[in-house]
Amino acid sequence: MKRLIKILALILVAVLAVCAVAGCSGKKTEKSSEKDSKKTIDYLVLVNKNHKLPDDWEENVVLKEAENRYGEKYLVEEKTLENFLALQKELADEGIIIELDSTYRSVAEQQKLWDDWTVEYGEDYVKKYVAVPGYSEHHTGLAIDICIEKDGKRINDNDEMIAEEEIFEEIHKHLADHGFILRYIKNGVAITGYDYEPWHFRYVGVDAAKEIAEKKITFEEYVGHLKAGK
Ligand SMILES: [Zn+2]
């Protein structure tokens with residue numbers, strides 16, 4: 001009998017040890033508590049040539065990896081990605097193919113780009129064509145540049161995309177339902193600092209997106225109205 005108890009006790013110890021190694025109660029809670037420690041981000045954050053990315057943004061944003069049909073991997077904020085995939089699917093049902101072409105870029109990556117290009121092309125050129133590190137909306141993870149595919153050909157050249165007016169007009173009709181806005185609208189350069197970019201979408205949530213689309217205003221104006229309490 002004593003021997004049996006000893007054997008049972010040994011089995012119990014073994015099971016507990018296996019459990020501890022495999023982390024039966026472990027990894028999931030660890031991960032979710034790591035996520036809990038991140039503060040919720042402000043989906044209406046304004047980042048432009050005059051507004052810097054908040055200092056604590058990069059430590060709080062939750063990024064997810066996604067792969068496009070060309071096998072390229074991208075990081076996108078989790079809610080933004082979820083909504084992009086729904087938008088992409090809805091458009092695919094209409095025969096329009098959109099894909100991720102440029103998404104999250106860290107401040108450090110932007111700094112490297114800035115430094116490399118300064119060496120290669122000089123400061124004047126860089127100041128004109130590269131966003132100052134910390135001042136690009138792509139740092140937020142909430143911005144997505146898309147490309148389109150037409151007749152089996154990927155189109156991601158800026159001028160070629162601008163020429164595809166009809167396709168982009170149709171794509172833009174679907175944005176607000178998924179919480180996206182067209183960030184750099186036609187004739188908005190004086191306010192946004194950027195010329196028309198039919199490919200650059202920004203996630204702001206459905207309510208804000210619908211209001212912005214309805215009023216045909218820039219995001220800067222929308223945030224301005226909010227601050228003024230209008
Ligand atoms: Zn962009």
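**A walk through the model**

Trainee: To begin with, what share of the protein chain's residues count as buried?
Mentor: Of its 230 residues, 23% count as buried. Keep in mind that this is a predicted model.

Trainee: Okay, and how many helices and strands does the protein chain have?
Mentor: There are 11 helices and 7 strands in the protein chain.

Trainee: What part of the contacts with a separation of 6 or more comes from residues 24 or more positions apart?
Mentor: Those residues account for 66% of such contacts in the protein chain.

Trainee: Which residues in the largest nonpolar core touch the most other members?
Mentor: That core holds 29 residues, and the ones touching the most other members are Ile144, Ile146, Leu175, Phe180, Ile181, Phe201 and Ala209. At least two residues of this core come from each of α4 (78-93), β3 (97-102), β4 (143-150), α8 (165-175), β6 (180-182), β7 (200-203) and α10 (206-215).

Trainee: And which element gives the most to this core?
Mentor: That's β4, with 4 residues. As background, nonpolar side chains in soluble globular proteins tend to be buried together.

Trainee: Let me zoom in on Phe180. What is it in contact with, leaving aside neighbours within four places in sequence?
Mentor: Phe180 is in contact with Asn83, Leu87, Leu175, Phe201, Arg202, Tyr203 and Ala209.

Trainee: Switching topic, where is Gly205?
Mentor: Gly205 sits in the loop between β7 and α10. Not counting residues up to four places away in sequence, Gly205 touches Tyr43 and Gly179.

Trainee: How far apart are the C-alpha atoms of Gly205 and Gly179?
Mentor: They are separated by 4.0 Å, although the two glycines are 26 residues apart along the chain.

Trainee: Why does Gly205 count as partly exposed?
Mentor: Because Gly205 has 16 C-beta neighbours inside 10 Å, and a residue needs 20 or more to be buried, or 12 or fewer to be exposed.

Trainee: Now the strands. How do β1 and β2 run, parallel or antiparallel?
Mentor: β1 (residues 63-67) and β2 (residues 73-77) run antiparallel, joined by 5 bridges. In one of these pairings, Glu67 has Lys73 in β2 as its bridge partner. The two strands form a hairpin with 5 residues between them, and Gly71 in the turn has a positive phi of about 80 degrees.

Trainee: Last one: how many residues does helix α5 have?
Mentor: α5 (residues 107-121) has 15 residues and reaches 20 Å from its first C-alpha to its last, close to the 21 Å expected. Gly122 follows α5, with a positive phi near 95 degrees.

Technical notes:
Residues numbered from 1 in each chain as written. Predicted model: local features only at pLDDT ≥ 70, side-chain atom pairs only at ≥ 80, totals over all residues. Contact = placed C-beta atoms within 7 Å. Core = buried A, V, L, I, M, F, W, Y, C linked by C-beta atoms within 7 Å. Pairing = 2+ DSSP bridges. Expected span 1.5 Å × (residues − 1).
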